[in-house]
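I opened my notebook beside the viewer today and wrote down each thing as I looked it up. Have the chain on screen while you read along.

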Amino acid sequence: MQETRLDVARIRAARQVIDPMFLDTPLYRCEALEPHLGCAVSVKLETANPVRSFKARGTEVVTSRLVDDGSRAVVCASAGNLGQALAWSGRGRGLDVTVVASRFATRAKLDRIRALGAGLELVDGDHEVARERAADIARYGGIRLVEDSLDIETCEGAATIGLELVDTASSFDAVLIALGGGALATGVGHVVKALAPGVEVICVQPLGAPAMTRSWHQRRVVTTDSTDTIADGVAGRRPIPAVLDDLLLVADDAVLVQEASIVAGMRMLLDHAGLVVEPSAALGIAAILEDRDRFAGRHVATIVCGSNVDVDAYHQWVGPANTRPSDGILDVRPPLGHRDRPARTPADTPAIPWSPNG
């Protein structure tokens, strides 16, 4: 494998500074899902921890190095999960943490950031506007800016998930990874390609937030003017060039999935695995639903990466089941969009046939 910014030796060392409560997370074969998906499915569960996502693996590495360097304050932009994780890790190490987020971010995530003791600044606009404001705070305040996916610690912290996947006795044909800024995908992808190169690394992104996937396919940074997806955790518009360079080396494919498939995946994880997950965590299941033939008879691992979801929105999305798997057509009630845009009407959302890339 060609060199990325990541290093397996550093990734192994990262395990020594991450609180053990975030390590060795459950990995199990979920047989209840398999009749509905047509393939063997193993779930890597990253939600059973104080911040309900994988993000603390990275922030534990970041904050341990900040303390070693004598830093006392840090700022980040976040859609919610990184902010919670940085607040948790920073609080435990005596750091002053500021999180900048869109005022339209998931309310439950914002409330949890405050509860963990971080300062929270809300901005009008989306996550990219929050990134710009966080950079300004860092520049004028002389404090450390943590940029998810750009800072190698966030990628190598996430990459410890990959170590746990490849060290298991089970063998996988493919790993499905949610793709947003790229920390999870490049981290896990690097380890898999270095230690288990025969495993296919497939990144999954919503059709309504396609910037990184389009960039991967075109092998250059492609930006978008807006996003339109319920999967707020992966709704970036401006890929980071260095992260894309890493992704090009470790990903075998990047696919886009429909909103209705994400909702169906969330419902399947609830009904057949007993898991309440946020939309980003259902992207792997959505990818299988949209391309059953590709995965038929294979053993697929999917990373359930977060469960920070607004309860009211979750019920609105998942609601009563009305899928029709027998004819291969999804017909779910249209999910709500972001809080800063109205939901689609049923007339705007026709039944969606299965397709590999949305």
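**Ground rules**

I am working with a predicted model, where local features need pLDDT of at least 70 and side-chain atom pairs count only at pLDDT 80 or more, while totals for chains, interfaces and linings use all residues. Residues are numbered from 1 along each chain as its sequence is written, and side-chain values use heavy atoms, with hydrogens and water left out.

**Entry 1: the whole chain**

I started with the secondary structure and found 14 helices and 12 strands in the protein chain. These are DSSP runs numbered from the N terminus, with helices being H or I of at least four residues and strands being E of at least two.

Next I looked up burial: 57% of the 358 residues count as buried. For the labels I use, buried means under 20% relative accessible area, exposed means over 50%, and partly exposed lies in between (1.4 Å probe, protein chains only).

Taking contacts between residues at least 6 apart, 73% join residues at least 24 apart; a contact here means heavy atoms within 4.5 Å.

**Entry 2: cysteines**

How many disulfides does the structure hold? I found 0, using the cut-off of a pair of cysteine sulfur atoms within 2.5 Å.

A reminder to myself: two packed helices are described by the angle between their axes and the distance between the axes. The axes are lines fitted to C-alpha atoms, for helices over the stretch in contact, and the angles run from 0 to 180 degrees between N-to-C directions.

H11 (residues 259-273) and H12 (residues 283-290) have axes that come within 8 Å and cross at roughly 110 degrees. H11 is therefore roughly perpendicular to H12. My angle classes are roughly parallel under 35 degrees, roughly antiparallel over 145, roughly perpendicular from 65 to 115, and oblique for the rest.

The H11 and H12 crossing is right-handed. In words, a crossing is right-handed if the near helix is turned clockwise from the far one by less than a right angle, and left-handed if anticlockwise. On the H11 side I noted Ser261, Ile262, Ala264, Gly265, Met268 and Leu269, which meet Leu283, Ile285, Ala286, Leu289 and Glu290 of H12.

H11 also packs with H14 (residues 311-318), where the axes come within 9 Å and cross at roughly 100 degrees. This pair is roughly perpendicular too. Here Val263, Met266, Arg267 and Leu270 of H11 meet Tyr314, Trp317 and Val318 of H14.

For H9 and H10 I read an angle of about 60 degrees and axes 10 Å apart. That makes H9 oblique to H10. Met212, Ser215 and Trp216 of H9 make the contact with Val243, Leu244, Leu247 and Leu248 of H10. This crossing is right-handed.

Arg219 sits in the loop between H9 (211-218) and H10 (241-250). Its phi is near 60 degrees, a positive value in a residue other than glycine. Is Arg219 buried or exposed? Arg219 counts as exposed, at 58% relative accessibility.

Ser149 lies in the loop between strand E6 (144-146) and helix H7 (152-166), and it is buried at 1% relative accessible area.

Which residues does Gly182 touch, leaving aside its neighbours within four places in sequence? Gly182 is in contact with Ser149, Gly187 and Val243. Gly182 belongs to the loop between strand E7 (174-178) and helix H8 (183-195), and it counts as buried at 5%. From Gly182 to Thr154 I read 9.7 Å, C-alpha to C-alpha, across 28 residues of sequence.

**Entry 3: Asp7**

Last, I looked at the segment before helix H1 (8-14), where Asp7 is found. Asp7 is partly exposed, with a relative accessible area of 30%. Beyond its neighbours within four places in sequence, Asp7 is in contact with Glu156 and His190. Asp7 and Gly187 are 180 residues apart in sequence, yet 9.5 Å apart in space, C-alpha to C-alpha.
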